[in-house]
Amino acid sequence: MSYGVNQGSVLGPLLYLIFTADLPTTDYTTIATFADDRGLQAGHRDTAVESQRLHSHLTLLQNCFALWKIRVNPANSAHVTFITRRVTYPPVFLHTNPIRAKHEVKYLGLHLDHQLTWRKHIQTKRQNFDLKLRAMSWLLGRRSQISFPNQLLLYKSIFKPVWTYGIQMWGCAMPSHTQNLQRLQSKILHSIANAPCYVCNLQFHTDLGIPFVSAEIYRSSLLYYSRLAGHRNALLATMSTTSNVARRLKRR
């Protein structure tokens, strides 16, 4: 190969990290990197200033891409402005091609909407939950031949990780959104326990040792911030001191 990295090779990931380690940076933007995914972030009260900062950084990246023959597909990129006001987003270009401005974007399995309400993310997780439940209804239904402890183990190992992924982020969503997941969890546990319809949710949640969604959010958040406090990365360690700051966008 004249340039690039062989896909699927053993040294491929390490060589790619070395190859892209010197991408240009600026004082007004931040690059979030995970494998070959790049997230370019800029923050300002004025969307025009934010757009200009993004455009300046993208120009530097374009020159680097052209020098090292890195090909980027603008069609797979998106531009999101996180703001509560109704504004016109200034366009952002990459290789003279405008990057699509969207209200929602999926990044590392999280659906980020422009107001950070997490409504889209929770709806998507609910749909994934429903699809997985339909595919495995013969295992967790009332007519299942699997023992009760194994049914509970299936829920904890297969179904629960579906909706708890990224819970430290979307846990700040309004209760009206998180209740969608709670209703589905109660429905599944009700079926696993084969409980009569008059048994309240609190009863079989307590008997099965499964916390409510709100309690799981609280427990996971405390565990997450306790891990940040002793993290070796100084930037992550400082996040533990801002746990009491409101994390949902507000108009005031």
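Tutor: What follows goes through the salt bridges one by one and then turns to one serine. This is a predicted model, in which local features need pLDDT of at least 70 and side-chain atom pairs count only at pLDDT 80 or more, while totals for chains, interfaces and linings use all residues. Residues are numbered from 1 along each chain as its sequence is written, and side-chain values use heavy atoms, with hydrogens and water left out.

The structure holds three salt bridges, a salt bridge being a side-chain nitrogen of Lys or Arg within 4 Å of a carboxyl oxygen of Asp or Glu. One of them pairs the side chains of K160 and E216, with an N to O distance of 3.4 Å. Because K160 belongs to helix α5 (residues 148–164) and E216 to helix α9 (residues 213–229), this pair ties together parts that are 56 residues apart in sequence; helices here are DSSP runs (H or I, at least four residues), numbered from the N terminus. Both K160 and E216 are buried, where buried means under 20% relative accessible area, exposed means over 50%, and partly exposed lies in between, computed with a 1.4 Å probe on protein chains only.

E216 also forms a salt bridge with R219, and here the closest N and O atoms are 2.6 Å apart. E216 and R219 both lie in helix α9, three residues apart, which is about one turn of the helix. E216 counts as buried because its relative accessibility is 4%, whereas R219, with a relative accessible area of 45%, is partly exposed. Through the partners that these salt bridges share, K160, E216 and R219 are joined into one network.

Another salt bridge is formed by the side chains of D130 and R126, at 3.5 Å from N to O. Both D130 and R126 are found in helix α3 (residues 119–135), where a spacing of four residues, about one turn of the helix, separates them. D130 has a relative accessibility of 22% and therefore counts as partly exposed, and R126 is likewise partly exposed, at 26% relative accessible area.

Turning to the serine, S191 is located in helix α7 (residues 175–193), and its relative accessible area of 18% is why S191 is classed as buried. If neighbours within four places in sequence are left aside, S191 is in contact with L140, G141 and R142, contact meaning heavy atoms within 4.5 Å.

Conventions. Helix = DSSP H or I, 4+ residues; strand = E, 2+ residues; numbered from the N terminus.
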